[in-house]
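The sequence and the structure come before the text.

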Amino acid sequence: PAEIKSNFSGNCVIVFSMINEIASSNMNEQQQIMRFSKIRRTEKRTTDEEYNNMLNQEELIIFKQYLIEGSICMVAKAIQDPFSKLRRLTLESNRVNDAGIYSIAQALTNINAELESLAVFSNGIGFRGARSLADMLARNTSLTSIFLWNCRIGNEGAKVLAKGMQSNVSIQELSLDLSRIGDVGAVAIANMLKINGNIKKLSLRANDVGSVGVKALAASLIKVSCVEELNLEKNRRISNVGALALAKVVKLDPNLCELNLKYTSIRSVGIDALIQAKDFHCSLGLEVADY
């Protein structure tokens, strides 16, 4: 049981400030029953009000608030409501698990869903959540950007997402930062890029991608030439081998405008190759990892 409050600012609404549980050791059983009953009645009225407000917001940010199942279902309902103006949704540190993201994904397959940006940060999303999103991405045509940061999808999650992305025609920005992705996941994403040429921004920041994954990405970028911004910052296993492969991309891909390789294991040979390949198309961010 919880009381739901909201704070509105322009088109952005921050909702679901969950307060402490009401059960107290100082209450007897009858007092607890009466208190729970009162909260339930209040919660229903507040929820109806929040839902109507949600429909009129372009951006919904839920930050560091524990979302119970009913709250997630309400957000999912708002996404697919034909009267909804909601276009950008951010869920950050809400303890949303695979079941919760399944509800969101199902809503995004509805023909009425017009959400353009979905950001899920620091939640308990694993392989099953990634699979739900992958199934959704294969059918959704409204989303143009998706951000999964600090989740637990791993290589297997990256593989299913890449498979779902193969038939997606609307996503232009894909960010999977700090999501436990290694070479296997990077190779799957690279293979997806050969089929889906719509991705303009790709970020795999702070993962575990190494030379194998970088070489696969480089080969795909040379073949397809679609990505304009590539962020591989804080992948400590990227070495000179990966830098040399990316240097070829810099030379041959005029569409690549930004390449971030800060805090990797690239040393002088790789740095020199990248600098020599650099032209006015590409702004390189380079910083050698400090070991």
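Strand β5 is largely enclosed by the rest of the structure, because five of its five residues are buried; buried means under 20% relative accessible area, exposed over 50% and partly exposed in between, with a 1.4 Å probe and protein chains only. The model is predicted: local features need pLDDT of at least 70 and side-chain atom pairs count only at pLDDT 80 or more, while totals for chains, interfaces and linings use all residues. Residues are numbered from 1 along each chain as its sequence is written, and side-chain values use heavy atoms, with hydrogens and water left out.

Helices and strands are DSSP runs numbered from the N terminus, helices being H or I with at least four residues and strands E with at least two. In a regular strand the side chains alternate between the two faces of the sheet. In β5, Ser117, Ala119 and Phe121 point one way and Leu118 and Val120 the other way, and all are buried.

**Strand pairing around β5**

Two strands pair if DSSP finds at least two bridges between them. Strand β4 (residues 88–92) is joined to β5 by five bridges, and the two run parallel. Within this pairing, glutamate 92 has phenylalanine 121 of β5 as its bridge partner. Five bridges also join β5 (residues 117–121) to β6, again in parallel. Here leucine 118 stands opposite isoleucine 146 of β6. Strand β6 (residues 145–149) has four of its five residues buried, so β6 too is largely enclosed by the rest of the structure.

**Helix packing**

Two packed helices are described by the angle between their axes and the distance between the axes. The axes are lines fitted to C-alpha atoms, for helices over the stretch in contact, and angles run from 0 to 180 degrees between N-to-C directions. Helix α2 (residues 69–80) packs against helix α3 (residues 98–108) at about 10°, with the axes 8 Å apart. That angle makes α2 roughly parallel to α3; angles under 35 degrees count as roughly parallel, over 145 as roughly antiparallel, 65 to 115 as roughly perpendicular and the rest as oblique.

On the α2 side the contact (heavy atoms within 4.5 Å) is made by Ile72, Val75, Ala76, Ile79 and Gln80, and on the α3 side by Gly100, Ser103, Ile104, Ala107 and Leu108. This contact of α2 with α3 has seven nonpolar, three polar and no charged residues. Ala, Val, Leu, Ile, Met, Phe, Trp, Tyr, Cys and Pro count as nonpolar, Asp, Glu, Lys and Arg as charged, and the others, Gly among them, as polar.

Helix α3 also packs against helix α4 (residues 127–137), where the axes come within 8 Å and cross at roughly 0°. That makes α3 roughly parallel to α4. Asp98, Ile101, Tyr102, Ala105 and Leu108 of α3 meet Phe127, Arg128, Gly129, Ser132, Leu133 and Met136 of α4. The contact of α3 with α4 has seven nonpolar, two polar and two charged residues.

**Single residues**

Most residues other than glycine have a negative phi, and most peptide bonds are trans. Alanine 206 has a positive phi of about 60° although it is not a glycine. Alanine 206 sits in the loop between β8 (201–203) and α7 (211–224). Serine 225, also not a glycine, has a positive phi near 55°, and is found in the loop between α7 and β9 (229–231).

Leucine 230 lies in strand β9. Beyond its neighbours within four places in sequence, leucine 230 is in contact with Leu202, Leu221, Leu246, Leu256, Glu258, Leu259 and Asn260. Methionine 165 belongs to helix α5 (residues 154–165). With neighbours within four places again set aside, methionine 165 is in contact with Leu137, Ile171, Met192, Asn196 and Ile199.

| Residue | Relative accessible area | Class |
|---|---|---|
| Alanine 206 | 17% | buried |
| Serine 225 | 22% | partly exposed |
| Leucine 230 | 2% | buried |
| Methionine 165 | 1% | buried |

**Separation along the chain**

For methionine 165 and methionine 136, 29 residues apart along the chain, the C-alpha separation is 9.4 Å. Among contacts in the protein chain between residues at least 6 apart in sequence, 84% join residues at least 24 apart. The protein chain has nine helices and 11 strands, and buried residues make up 48% of its 291 residues.
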